[in-house]
Amino acid sequence: MTRTSIDSQDHRTRRVVAVVGAHGKIGQLLTSELARRGHLVLGVHRKPEQADAVRGAGATSVLHDLEAGTAIDLAEALRVAADGDIDALVFTAGAGPGSGPARKATVDLGGSVQSIEAARRAGVTRFVQVSFIGADREAAPTGDESWDAYHRAKRDADALLRDTELDWTIVRPGSLTDDDATGRVRVGQDLGRGSTSRGNVALVIAEALEQPATVRRAFDVLDGETSVAEALAGLAG
Ligand SMILES: NC(=O)c1ccc[n+]([C@@H]2O[C@H](COP(=O)([O-])OP(=O)(O)OC[C@H]3O[C@@H](n4cnc5c(N)ncnc54)[C@H](OP(=O)(O)O)[C@@H]3O)[C@@H](O)[C@H]2O)c1
């Protein structure tokens with residue numbers, strides 16, 4: 001991960017941020033970036049053997065399986081780990097490639113709903129969700145049952161989040177890559193096809209937590225030419 005966001009806005013505020021999906025690829029990159037910015041990260045992951053990696057990225061390990069546990073369990077686990085107020089929750093969990101329609105429903109949709117409810121119970125008002133470009137469009141059948149279920153799950157999860165009273169942000173990347181973060185992106189609506197490095201997604205989420213202009217906004221993000229801080233500030237217009 002590059003350090004290009006180091007000069008962005010206010011890094012003096014130490015936040016407590018819960019990352020749901022902390023062992024995922026974006027989750028680990030995000031944890032490292034938030035820790036680098038001086039925030040306390042509560043890294044929610046589902047398997048005990050993932051704890052070392054979650055801690056290694058800079059988070060406090062919070063063991064919770066979204067499919068086996070409840071919002072009450074998650075809120076309680078976060079409260080215990082935070083031992084104080086929690087400023088934000090980032091939902092970046094997903095059933096992932098290779099999973100069938102049932103797990104798109106239980107993780108991509110159900111995990112988001114559970115995280116929203118847990119945020120409410122734990123008094124968290126800021127909520128950032130990772131989605132994908134096109135999730136807000138009509139989920140016309142493609143013949144790929146798993147993809148269609150994923151699209152429906154993300155579309156419904158985003159719609160439910162938009163309907164809440166939370167200070168939400170929905171970040172919609174394109175095809176994810178493991179390229180190095182450039183710290184330079186393009187954000188906006190209907191950006192079309194393109195790719196986004198997971199590192200840039202992590203930088204966008206970390207910066208979104210600093211920028212009020214991103215509250216109650218959903219936007220596409222692709223790798224681009226504008227610094228993350230400047231691109232997000234531009235959403236205010
Ligand atoms: N693939 C794409 O091109 C693409 C494009 C745009 C957006 N997205 C979205 O980007 C986000 C994350 O991407 P990524 O690359 O970081 O994915 P990832 O590496 O697969 O991370 C997802 C994480 O969710 C966790 N998870 C799955 N089931 C869970 C459960 N029951 N309880 C708790 N955690 C659970 C996984 O844990 P395990 O490791 O234990 O399974 C994994 O650590 C997802 O929201 C995805 O929908 C993907």
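1. A salt bridge is understood here as a side-chain nitrogen of Lys or Arg within 4 Å of a carboxyl oxygen of Asp or Glu. The model is predicted: local features need pLDDT of at least 70, side-chain atom pairs count only at pLDDT 80 or more, and totals for chains, interfaces and linings use all residues. Residues are numbered from 1 along each chain as its sequence is written, and side-chain values use heavy atoms, with hydrogens and water left out.

2. Asp-136 and Arg-172 form a salt bridge whose closest N and O atoms are 3.6 Å apart. This pair links distant parts of the chain, 36 residues apart: Asp-136 lies in the loop between strand S5 (126-130) and helix H5 (145-162), and Arg-172 lies in strand S6 (residues 167-173). Helices (H or I, at least four residues) and strands (E, at least two) are DSSP runs, numbered from the N terminus. Asp-136 counts as partly exposed, at 43% relative accessibility, whereas Arg-172 is buried at 2%. For these classes, buried means under 20% relative accessible area, exposed over 50%, and partly exposed in between (1.4 Å probe, protein chains only).

3. A search of the whole structure finds 18 salt bridges. Salt bridges that share partners join Arg-15, Glu-33, Arg-36, Arg-37, Glu-207 and Glu-210 into one network. Within it, Glu-33 pairs with Arg-37, the closest N and O atoms being 2.8 Å apart. Glu-33 is buried, at 2% relative accessibility, and Arg-37 is buried as well, at 6%.

4. A further salt bridge joins Glu-117 to Arg-120, with the closest N and O atoms 3.5 Å apart. The two residues are separated by about one helical turn, because they stand 3 residues apart in helix H4 (residues 101-121). Glu-117 is partly exposed, with a relative accessible area of 29%, and Arg-120 is partly exposed at 37%.

5. The ligand sits in the largest pocket. A pocket, on a 1 Å grid over the protein atoms alone, is an open set of points where a 1.4 Å probe fits, with protein on both sides within 12 Å along at least five of seven lines; lining residues have an atom within 4 Å of a point. A molecule sits in a pocket if more than half of its atoms lie within 2 Å of its grid points. Helix H1 (25-36), H4, H5 and strand S7 (175-177) are the elements that give two or more residues to the shell around the ligand. Of these, H4 gives the most, with 3 residues.

6. The ligand is surrounded by 27 residues, the closest being Arg-46, Gln-50, Glu-67, Tyr-150 and Arg-198; a residue is near a molecule if one of its heavy atoms lies within 4 Å of it. A polar side-chain atom of Glu-67 lies 2.6 Å from a nitrogen atom of the ligand.

7. Asp-83, in the loop between helix H3 (71-82) and strand S4 (88-91), has a positive phi near 50° although it is not a glycine. Asp-83 is exposed, at 71% relative accessibility. Asp-190, in the loop between strand S8 (184-188) and strand S9 (195-197), also has a positive phi, of about 50°, and is not a glycine. Asp-190 is exposed, with a relative accessible area of 57%.

Definitions and conventions
Polar contact = N/O pair within 3.5 Å; in protein donor to acceptor, adjacent residues only side chain to side chain.
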